[in-house]
Amino acid sequence: MGSNKQWSFNKYVEVGAIGALRGLIGLPLEHPFDCVKTFLQAYPHLKSPSNAARHIYQTKGLVGFYSGAIPNGLRLSIKQGYRWPLMLSLPPFFNRMVSKEIQSGIPFSIERSLTGLTIASIESFIICPLERLKVHLMTGKEIDKHGLRTFIEKHSNTVSTERNQLITTPLRKELFRGLKAVYVRGIVSWVSFLVADQKTKSWAREWTGSKQLSLLTLMICSVFVGGINTFTNMPFDVVKTTLQKRDLSGKEMNGIISTMRVLVKQNGSRILWIGWQPRMAQYILQSFFTMTLLEKLELKWNSS
């Protein structure tokens, strides 16, 4: 009994460490796409990713594509550290909790959907402050070497004395600006990814007749999953960026629906999918890393 508990603990630690490492390894490739996408969402008058990238380069230089890399790297390493144990352990847990009769009457994977809802509910409160800092730094129109310190000083009532006085109510409120959008985006993103991941791999196994999928097959699956995830997730991602960007103006932008209405009224419905190109590229990279690693870890986890 003790050895089984030790083995389970070792599995969680191993998977968490692998997940955190995966987040840091992917950061140099994924971050510039995220930066271009976020900047374009904050300044939609630029109209295209190429214009946004050109503007970032002209005003900030190459280093501008890595604005917000510190909070983003911390965000990725933290969430990748806990999400992998949850992705691997929660589906079997919910599969045991939900009766087969209920599962057979639902056309989608209920255990994957419950897993996505659970992870989004946990991580939204963890990553929202880091998302806010990341977007704040990304949407600056020039390089700010003291961006994080400036943010804290601007939104703190007391900034001069004791360290424990820095986190005041205004700062806390600013760090959690856009929390509802982060939460809804997280639910849509997680559920669509986990369900699409399961379905595409299931179809791929039927098509290839092989239980273990090849690297090429996983790449094809990642494109499909990335497309679904991007299409369903983008409207909420645009709202999140709008609510968290550096220079937010307009009191009517204080909720998800009201912000969507203002954005569509000002820019048309296409605004809800602005920046989908770099987001798609980023999601394909993320899905490839995630799906490939998830495939290997699931086989190892379920065989032990």
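**View A. Lys-134 is buried, with a relative accessible area of 2%.** Buried stands for under 20% relative accessible area, exposed for over 50%, and partly exposed for the range in between, with a 1.4 Å probe and protein chains only. The model is predicted: local features need pLDDT of at least 70, side-chain atom pairs count only at pLDDT 80 or more, and totals for chains, interfaces and linings use all residues. Residues are numbered from 1 along each chain as its sequence is written, and side-chain values use heavy atoms, with hydrogens and water left out. The side chain of Lys-134 forms a salt bridge with that of Glu-131 (3.3 Å, N to O); the term denotes a side-chain nitrogen of Lys or Arg within 4 Å of a carboxyl oxygen of Asp or Glu. Both residues belong to helix 5, where they are three residues apart, about one turn of the helix. Helices (H or I, at least four residues) and strands (E, at least two) are DSSP runs numbered from the N terminus. Glu-131 counts as buried because its relative accessibility is 1%.

**View B. Arg-75 and Glu-131 are joined by a salt bridge between their side chains (3.2 Å, N to O).** Arg-75 belongs to helix 3 and Glu-131 to helix 5, so the pair ties together parts that are 56 residues apart in sequence. Both Arg-75 and Glu-131 are buried. Side chains of opposite charge can pair when their charged atoms come close.

**View C. Asp-237 and Arg-185 form a salt bridge, with their closest N and O atoms 2.8 Å apart.** This pair links distant parts of the chain, since Asp-237 lies in helix 9 and Arg-185 in helix 8 (residues 179-208), 52 residues apart. Asp-237 is buried, as is Arg-185. Through salt bridges that share partners, one network joins Asp-34, Lys-37, Arg-75, Glu-131, Lys-134, Arg-185, Asp-237 and Lys-240. The structure holds twelve salt bridges.

**View D. Helix 5 packs with helix 9 (residues 215-244) at an angle of about 70°, their axes being 9 Å apart.** The axes are lines fitted to C-alpha atoms, for helices over the stretch in contact, and angles run from 0 to 180 degrees between N-to-C directions. The two helices, helix 5 and helix 9, are therefore roughly perpendicular to each other. Helix 5 makes the contact with Cys-128, Glu-131, Arg-132, Val-135 and His-136, and helix 9 with Lys-240, Thr-241 and Gln-244. Contact means heavy atoms within 4.5 Å; angles under 35 degrees count as roughly parallel, over 145 as roughly antiparallel, 65 to 115 as roughly perpendicular and the rest as oblique.

**View E. Leu-74, Ile-78, Ile-122 and Ile-126 make a nonpolar surface patch of about 300 Å².** Patches consist of residues with over 30% relative accessible area and no salt bridge, like charges being joined within 9 Å and nonpolar side chains (Val, Leu, Ile, Met, Phe, Trp, Tyr) within 5 Å. At least two residues of the nonpolar patch come from each of helix 3 (69-97) and helix 5 (110-138). Ile-78 is located in helix 3 and counts as partly exposed because its relative accessibility is 33%.

**View F. The chain as a whole has eleven helices and zero strands.** Of its 304 residues, 50% are buried. Its accessible surface comes to about 15,500 Å², of which 64% belongs to carbon and sulfur atoms. Accessible areas come from the Shrake-Rupley method with a 1.4 Å probe; for residues, only the protein chains shown count as cover.
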